[in-house]
Structures are given as structure tokens and as C-alpha cells.
Amino acid sequence: MHFANFFVAKKFTEKRRVVRNNIGNLESTKAVGIAPGETRSQVAAASGLGSSSRFQRKRTGMSKRKFACSTLILILLTVLLVACGYSAPQSTPPPPTGTARFALVSNLTDNTISTFAIDSQMHGLRCLQGARTPELLP
Amino acid sequence: MSTGGTNSRVIAVEPSGRFAYVANVVSNDISVFSIDPNTSSLSLVGSPVPAEAGPEFIAIGPTGKLLYVVNQNSNHITAFSIDSNTGALTPLPGQVPTDDAPVAISFDPSGQFAYVANFISGDVTAYRVDSTGALALLGAIPADVNPSSITMHPSGKFAYITSLASNEITAFQVSQVSGGWTPLSPSVATGQGPTSATVDPQGRFVYVTNAIEGTITTFAVDGANGALTLSSTVPAGTIPVALTLDSSGRFAYVANEGSNNVITFTVDSSTGALTPSGPPVDAGAGSSWVALIE
């Protein structure tokens, strides 16, 4: 099997396992949460949360407050970042690509031609033929 | 790889990229190489082909089937036909006169005209190119003192000549009907010792190698009138003598005759500014020309 396909298949299997576990949790919550014939208020009272309608109201109230707080924090953070000169990162353009594959260099003094391969990404020259041997320093 | 000649300077690559020619200025001949398309390794094809005195510059003509040779010491142009199978050169009869000490030839993009810079007479001789590639002398255009190189704008509307003695580059407007030139005054200062001018493929920038001061100057081209404006200057190696751009215009390769190496530059697409993309790479002694194979 191709490596890429192997990883895709593995990922998919893991995802299915997580979904199956979540379904299991939901089913167990459902089984433990409300017994047949039991009302929501009875469950709420047993758990010390009060009546169902109050519980609902309380939850809604908390959510709104949380939302308002989060929005305020976000706005303050944005103002602070802009004031500090922050700008959203720009997407980096891809590096330019050269069109030449090889370079020939004439050498007037030693009457030779050197041949270089051109790296398509880094655009550096790699000697293939005829570059000067560096001098041996003492 | 040895050229088999002496004072090997200008390289011309045949359009298919299968053959390369090198002018040997002192031994008065042309070396012929076949190029391996996969590895680019060179093989010398036979012995160097005799040319006239001082083949200072060579160029493949507009048809891709002829090699033109500028003979500095005999003041004329000669031509060879290229065998498309073997790359072998066959001399064509006749010589076309230049003025004193021709050093460079350039063809206009339409292929109708050719121009030769004459170093000692300080002018440019213009030629009409017929369908067979034969050159007919039209006349001479006065240039600055000691013109050292000549380059045409890709639009065919402008031409540029560097002057080694006055450290300037002059822009000319080109008549695409008569082939005549009109100077766009004034000339613009280059660095010390301009030896070559190269226009980028989009015609937006001109690059000049300044051999004496070891720099490259970038000029911005006014697309409407061809005028040049100094844009930036960067250090090169010792005695930079030639600059070659790839066909994308994004990379420049500079041959440094004094430091025996080549520097690759990245070209800024908006300003034309050059930035070295790495350290110089050693070539042979007296690196004087870079030809690219794509």
C-alpha cells in the first residue's frame, strides 16, 4: 500500500472510533440521565440544580454574559494590537523559479569552459565540469 | 574542459541547446561543442574552426542557422552556416565591412537589422538582414567614445550603448522602418569601466557591468521613450565583464574575470534590484561569459 493511502486509512479509522465513542457516551448519558417515568424536575432536584425551567434560564443567562465578556475582551485585544502596530501576517509569495537548467562559463585565461547545474530552488551553481581547483593554502 | 583555442571569451548557444560555440580571440578560431541534453556535459566537435583576425564577439542570427563573427582586428563580419545535425560550421563566402575595431553585434527583435559597436571609431554600423541572413551595410551612427557593448530593447524601439572611456550609457530611439537611430540625450552615468549592458526580457531594466569598480548598475527603463534612470548599484566580484539573465528575468549571472568566479543574483521584480543569492562560485581563470541552457 502506498504510504499516503496508509495514513489516510489510519486517520479515517481513528475518526470512526472517536465518533463511535461519542455515540456511546451519549447513549450512556441518556441511560443514566432520565429514567423511564421520571420527570426533568425530579432529576434536577435530585442533582441539586433546581427545577428544569430555572436550570434552563440560568444556563441561558450565563451563556449571554459569557458571550458579552468574550466579545468585549476580543474588541479590547484587537484595539490594543492595532494600537501597537500589529498587522495580520501576509501570505508569503512562493519563491521565484528560474528557467535555466545549466550554465556554461568561458574562462579567458585558462582557455576552458566550465559547466554548472543550476539548482531550481536555490538557484545556486553546482560545478559539473571544469571549475578551477582551489589553491592549496599553507 | 579545454576549448582548444586561446583567449576563449564569448559563448553562443544554438537555439535547440544542442551546440555551443566559443570565440577564441587570440588563436583566431571558433570551438564547437555538442551539449548532452540531460547532463549538459560538453564534447569538443573536431578542431577549432579558423576565423578571421580577432573574433571578439559571436552571435547566432535571427534564423538560428547562422553564426556571425565580429572580427576586431580585421574590421569585418564573417558568417558560418550551422549544420543542424552535427553543429559543424561551414564558412560562408564574403565579408561585410565594419568601422574600426568592432567589438559587439546585436540583432533587433524583428530580425531585420543588425548593429555593430566599433570601439576605436566610436560609432555603430547598421545593417539590413535579408531572408538568407546576408548583411547589407546601411551606414554608421555616431556613438560615445569607445563603445564597448550594444543591446536592443525587446520592443525593438530602443537601443543602448555603453561607453568604456566616458563611463556612460546612451539610449537611442530606433526606426523600425529604416533601422536608423536617434540619440536620446543626455547619456547617463554608469560606474567606472562599463563593459556590458543587458536588458531584461520584459524591457523594464538595463544592467551594466562596471569592470573597473567591480559593481553592477541597474537602470529603470521608461517604457514610453526608452529613457534610463539610475535605480541601484550592487557590488560584484573583481572585474565583472558580462551579465546574463535567464528568460524569466528573475535571475542574473555575472562573470567576474578578475576573481575567476560567477555570482548569481536574484532580481527584485518591482525594482530590478539585484541581491546575491549565495557566495561566488569558482569557475576557471578569467571567467568572462555566462551562457544559459534552459
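Student: In this predicted model, which residue of β13(B) stands opposite Val116(B)?
Tutor: Strands β12(B) and β13(B) run antiparallel and are joined by 6 bridges. Within β13(B), the residue opposite Val116(B) is Thr125(B).

Student: Which residue takes a positive phi in the hairpin of β12(B) and β13(B)?
Tutor: This hairpin has 4 residues between the strands. The residue there with a positive phi, near 65°, is Gly122(B).

Student: How many residues of strand β13 of chain B are buried?
Tutor: Strand β13 covers residues 123–129 of chain B and is mostly covered. A residue counts as buried if 20 or more other C-beta atoms lie within 10 Å of its own. Of the 7 residues of β13(B), the number buried is 6.

Student: What is the bridge partner of Val124(B) in β14(B)?
Tutor: β13(B) is joined to β14(B) by 7 bridges, and the two run antiparallel. The hairpin they make has 5 residues between the strands, with Gly133(B) at a positive phi near 95°. In β14(B), the partner of Val124(B) is Ile141(B).

Student: What does the twist average from one strand to the next in the open sheet β19-β20-β21-β22 of chain B?
Tutor: This sheet is formed by 4 strands with antiparallel pairing. Its edge strands are β19 (194–199) and β22 (228–235) of chain B. From one strand to the next, the twist averages 20°.

Student: In β21(B), what is the bridge partner of Val208(B)?
Tutor: Strand β20 (residues 205–210) and strand β21 (residues 215–221) of chain B run antiparallel, joined by 6 bridges. The partner of Val208(B) in β21(B) is Thr217(B).

Student: How many helices and strands does the secondary structure of chain B come to?
Tutor: For chain B, the count is 0 helices and 28 strands.

Student: Why is chain B as compact as a globular protein of that length?
Tutor: The globule rule gives 19 Å for 294 residues. The chain is as compact as a globular protein of that length because its radius of gyration is close to that value, at 18 Å.

Student: What share of the residues of chain B count as buried?
Tutor: The C-alpha trace of chain B spans about 45 × 45 × 30 Å along its principal axes. Of the 294 residues of the chain, the buried share is 52%.

Student: Which strand supplies the largest share of the side of chain A that touches chain B?
Tutor: In this contact, 29 residues of chain A meet 42 residues of chain B. β1 (102–107), β2 (112–118) and β3 (125–129) of chain A each supply at least two residues of that side. The largest share, 6 residues, comes from β1(A).

Student: In β28(B), what is the bridge partner of Ser106(A)?
Tutor: β1(A) and strand β28 (residues 287–293) of chain B run antiparallel, with 6 bridges between them. The partner of Ser106(A) in β28(B) is Trp289(B).

Student: Does Glu294(B) count as buried or partly exposed?
Tutor: Glu294(B) lies in the segment after β28 of chain B. Not counting residues up to four places away in sequence, Glu294(B) touches Thr99(A), Ala100(A), Arg101(A) and Ser247(B). Because Glu294(B) has 13 C-beta neighbours inside 10 Å, the class is partly exposed.

Student: What is the mean pLDDT of chain A?
Tutor: Over residues 1–61 of chain A the pLDDT is below 50, and residues 133–138 of chain A stay under 50 too. In chain A, 25% of the residues reach 70 or more. The mean is 57.

Conventions:
Residues numbered from 1 in each chain as written. Chains lettered and ligands numbered in written order. Predicted model: local features only at pLDDT ≥ 70, side-chain atom pairs only at ≥ 80, totals over all residues. Rg over C-alpha atoms; globule rule 2.2 N^0.38 Å. Buried ≥ 20, exposed ≤ 12 C-beta atoms within 10 Å, placed from the backbone. Contact = placed C-beta atoms within 7 Å. Pairing = 2+ DSSP bridges. pLDDT = per-residue confidence, 0-100. Axes fitted to C-alpha atoms, helices over the stretch in contact; angles between N-to-C directions.
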